[in-house]
Amino acid sequence: MKDSLWDEFQEAVQNGLVRHRSVLDVTSKFQEASVRISRALAKSVTTCGCVRINAQKNQIPNSDKMSLSELRASLDDHLEGELCTACREVLEEEFGRLLFYLAALADLLDVNVYDILIKERKKLSTLGLYNLL
Ligand SMILES: [Zn+2]
């Protein structure tokens, strides 16, 4: 299936990926992009301080009597605060880098990411709550 926005992006990535076209370069850059997202989040916590991580074990309630939104609201994401503009910009740049290398890797392997999005969305709607736990 074709999606114009994703296909345009994947084609632009394909055209822009000249120097580091080896699958080894692309897979290692993809992994690096993922790590850079974690690093940017860590710096938001430890350097900027706009967000905090306060983690402990989530107590899973008896979900039989709860709606999905009630269950979601009862579970803690362990994140407090909001990203400041500077941290948000850094994270958005890193997410963009990750998307670039995802598109590049998918292109090298002749995989259409838009098709994967459709399959994953279908899985989420089919499995519903059981997929979330
Ligand atoms: Zn910040």
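The legends below describe close-up views of a predicted model.

**View 1. Helices α1 and α4 cross at roughly 85 degrees.**
Helix α1 covers residues 4-16, and helix α4 covers residues 85-108. Their axes come within 9 Å of each other. With a crossing angle between 65 and 115 degrees, the two helices count as roughly perpendicular. On the α1 side, the residues in contact are Trp6, Phe9, Gln10, Val13 and Gln14. On the α4 side, they are Leu99, Phe100, Ala103, Ala104, Ala106 and Asp107. Sorted by class, this contact has 8 nonpolar, 2 polar and 1 charged residues.

**View 2. Tryptophan 6 and phenylalanine 9 form an aromatic pair in helix α1.**
The structure holds 2 aromatic pairs, and this view shows one of them. The ring centres of tryptophan 6 and phenylalanine 9 are 5.3 Å apart. Their planes stand at 55 degrees, so the pair is classed as tilted. The two residues are 3 positions apart in the helix, which is about one turn. Tryptophan 6 is buried, because its relative accessible area of 12% is under the 20% limit. Phenylalanine 9 has a relative accessible area of 29% and is partly exposed.

**View 3. Phenylalanine 100 and tyrosine 101 form an edge-to-face pair.**
The centres of these two rings lie 4.9 Å apart. Their planes meet at 75 degrees, so the pair is edge-to-face. Tyrosine 101 is buried, with a relative accessible area of 12%. Phenylalanine 100 is also among the α4 residues that meet α1.

Tryptophan 6 is in helix α1. Helix α5 covers residues 113-127. The C-alpha atoms of tryptophan 6 and isoleucine 116 are 12 Å apart in space, although the two residues are 110 residues apart in sequence.

**View 4. The loop between α4 and α5 holds aspartate 110 and asparagine 112.**
Asparagine 112 is buried, with a relative accessible area of 18%. A polar atom of the asparagine 112 side chain lies 2.8 Å from the backbone nitrogen of tyrosine 114. Aspartate 110, in that loop as well, is exposed, with a relative accessible area of 72%. What is the phi of aspartate 110? It is near 55 degrees, a positive value in a residue other than glycine. Most residues other than glycine have a negative phi.

**View 5. Histidine 78 has a positive phi.**
Histidine 78 lies in the loop between α3 (68-74) and β2 (79-81). The phi of histidine 78 is near 70 degrees, and histidine 78 is a residue other than glycine. Histidine 78 is buried, because its relative accessible area of 19% falls under the 20% limit.

Cysteine 84 sits in the loop between β2 and α4. Cysteine 84 is partly exposed, with a relative accessible area of 24%. The C-alpha atom of cysteine 84 is 35 Å from that of valine 18, and the two residues are 66 residues apart in sequence.

**View 6. Glutamate 32 in helix α2 is shown with arginine 97.**
Helix α2 covers residues 23-48 and includes glutamate 32. The C-alpha atoms of glutamate 32 and arginine 97 are separated by 9.4 Å. Along the chain, these residues are 65 residues apart. Glutamate 32 counts as partly exposed, at 36% relative accessibility.

Note on methods:
Residues are numbered from 1 along each chain as its sequence is written. This is a predicted model: local features need pLDDT of at least 70, side-chain atom pairs count only at pLDDT 80 or more; totals for chains, interfaces and linings use all residues. Side-chain values use heavy atoms; hydrogens and water are left out. Helices (H or I, at least four residues) and strands (E, at least two) are DSSP runs, numbered from the N terminus. Buried means under 20% relative accessible area, exposed over 50%, partly exposed in between (1.4 Å probe, protein chains only). A polar contact is a pair of N or O atoms within 3.5 Å; within protein, one must be able to donate a hydrogen and the other to accept it, and residues adjacent in sequence count only if both atoms are side-chain atoms. Axes are lines fitted to C-alpha atoms, for helices over the stretch in contact, and angles run from 0 to 180 degrees between N-to-C directions. Angles under 35 degrees count as roughly parallel, over 145 as roughly antiparallel, 65 to 115 as roughly perpendicular and the rest as oblique. Contact means heavy atoms within 4.5 Å. Ala, Val, Leu, Ile, Met, Phe, Trp, Tyr, Cys and Pro count as nonpolar, Asp, Glu, Lys and Arg as charged, and the others, Gly among them, as polar. Rings of Phe, Tyr and Trp (its six-membered ring) pair if their centres lie within 6.5 Å; planes under 30 degrees apart count as stacked, over 60 as edge-to-face and the rest as tilted.
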